[in-house]
Amino acid sequence: MKKTGKKSILIIGMGRFGQHLAINLMEKGNDVMIIDCEEKELEPLLHTQASIKIGDCTNPDVLQSLDVASFDMVVVCIGTNFQSSLEITSMAKEMGAKYVVSKATREIQAKFLLRNGADEVVYPEKDLAEKCAVRYSTDNIFNYEELTQDYGIYEIPPLGEWVGKSIRENNIAAKFKISILGIRKENGATDIMPNPDYVIQKEEHLMVLAQDKTLNDILKKL
């Protein structure tokens with residue numbers, strides 16, 4: 001199965017999440033096979049380089065025919081029928097799948113999936129909701145990525161006292177306990193890992209690694 005991509009990945013279930021995942025994985029050079037029991041769900045990806053199959057993976061014969069053990073990863077993206085997701089996850093692991101990622105919408109689903117073969121569980125809707133909650137709860141967060149329960153990467157405007165001075169002059173890391181990972185300039189260009197002598201401008205956004213509590217303290221000053 002493995003060709004020229006970085007990984008070979010089987011995606012079962014072509015809802016919105018499955019479709020977006022497949023497209024993004026292919027854009028990154030991976031070999032992707034997709035399967036769904038409904039032909040109409042596969043139509044949006046007919047123009048892509050994905051290998052496309054029609055079939056019901058709750059049928060052991062269908063799943064067996066895919067040779068799940070030959071893929072680097074199997075992603076079960078069925079969100080509307082948890083029983084089917086659970087059965088497919090369990091059978092895929094029993095058939096030798098190396099790594100199984102299953103989609104869940106609730107904590108109780110995750111517990112069952114992990115007990116029945118899933119190596120990892122993802123919560124697309126929950127993750128998006130949490131990200132939007134952080135972003136839209138204040139006017140001064142333009143983007144956000146959670147790293148751990150206590151740390152994240154935030155895109156914020158600079159404090160007034162930072163403007164016109166270099167990162168070194170502001171002594172930001174030591175004084176404010178955050179790390180500047182990038183500068184998003186007014187024209188949209190991004191300077192990753194800027195030089196300590198970089199002079200911060202008012203119109204720019206800073207991408208900072210910070211503890212949530214520390215970032216909240218900074219936001220109070222904006």
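This briefing walks through the fold of one protein chain, topic by topic. The model is a predicted one, in which local features need pLDDT of at least 70 and side-chain atom pairs count only at pLDDT 80 or more, while totals for chains, interfaces and linings use all residues. Residues are numbered from 1 along each chain as its sequence is written, and side-chain values use heavy atoms, with hydrogens and water left out. The chain has nine helices and 11 strands; helices (H or I, at least four residues) and strands (E, at least two) are DSSP runs, numbered from the N terminus.

**Overall shape and surface**

- The chain has a radius of gyration of 22 Å, whereas a compact globule of 222 residues would have one near 17 Å. This radius is taken over C-alpha atoms, and the globule rule is 2.2 Å times the number of residues to the power 0.38.
- Along its principal axes, the C-alpha trace spans about 65 × 35 × 30 Å.
- Buried residues make up 41% of the 222 residues. Here, buried means under 20% relative accessible area, exposed means over 50%, and partly exposed is in between (1.4 Å probe, protein chains only).
- Among contacts with a separation of 6 or more, 52% come from residues 24 or more positions apart. A contact means heavy atoms within 4.5 Å.

**The parallel sheet**

- Six strands make an open sheet with parallel pairing, in the order S3-S2-S1-S4-S5-S6. Two strands pair if DSSP finds at least two bridges between them.
- At the edges are strand S3 (51-54) and strand S6 (120-122), each of which pairs on one side only.
- From one strand to the next, the twist averages 20 degrees. Angles run from 0 to 180 degrees between N-to-C directions, and axes are lines fitted to C-alpha atoms, for helices over the stretch in contact.
- S1 and S2 are parallel and share five bridges, and Ile12 has Ile35 in S2 as its bridge partner.
- Strand S4 (residues 73-76) and strand S5 (residues 100-103) also run parallel, joined by three bridges; Val75 has Val101 in S5 as its bridge partner.
- Five of the five residues of S1 are buried, so S1 is largely enclosed by the rest of the structure. Ser8, Leu10 and Ile12 point one way from S1, while Ile9 and Ile11 point the other way.

**Helices across the sheet**

- Helix H1 (residues 16-27) lies across strand S1 (8-12), strand S2 (31-36), S4, S5 and S6, and runs at about 165 degrees to S1.
- Helix H5 (residues 107-115) lies across S5 and S6, at about 155 degrees to S6.

- S11 is mostly covered, with five of its seven residues buried.

**Nonpolar cores**

- A nonpolar core is a set of buried Ala, Val, Leu, Ile, Met, Phe, Trp, Tyr and Cys residues joined through side-chain atoms within 4.5 Å.
- The largest core has 20 residues, and those touching the most other members are Ile156, Trp162, Ile178, Ile180, Leu206, Val208 and Leu215.
- Strand S8 (151-156), helix H8 (172-176), strand S9 (179-184), strand S11 (205-211) and helix H9 (212-219) each give two or more residues to this core.
- Another core, of 18 residues, lies apart from the largest one and includes Leu10, Met33, Val76 and Ala92.
- Beyond residues up to four places away in sequence, Leu206 touches several residues, including Tyr154, Trp162, Ile180 and Ile200.

**Residues to look up**

- Most residues other than glycine have a negative phi.
- Asp67, in the loop between helix H3 (60-65) and S4, has a positive phi near 55 degrees and is partly exposed at 43% relative accessibility.
- Met193, in the loop between strand S10 (190-192) and S11, has a positive phi of about 50 degrees and counts as exposed at 57% relative accessibility.
- Tyr151 sits in strand S8 and is partly exposed, with a relative accessible area of 40%.
- Leaving aside neighbours within four places in sequence, Tyr151 is in contact with Glu146, Ala210, Gln211 and Asp212.
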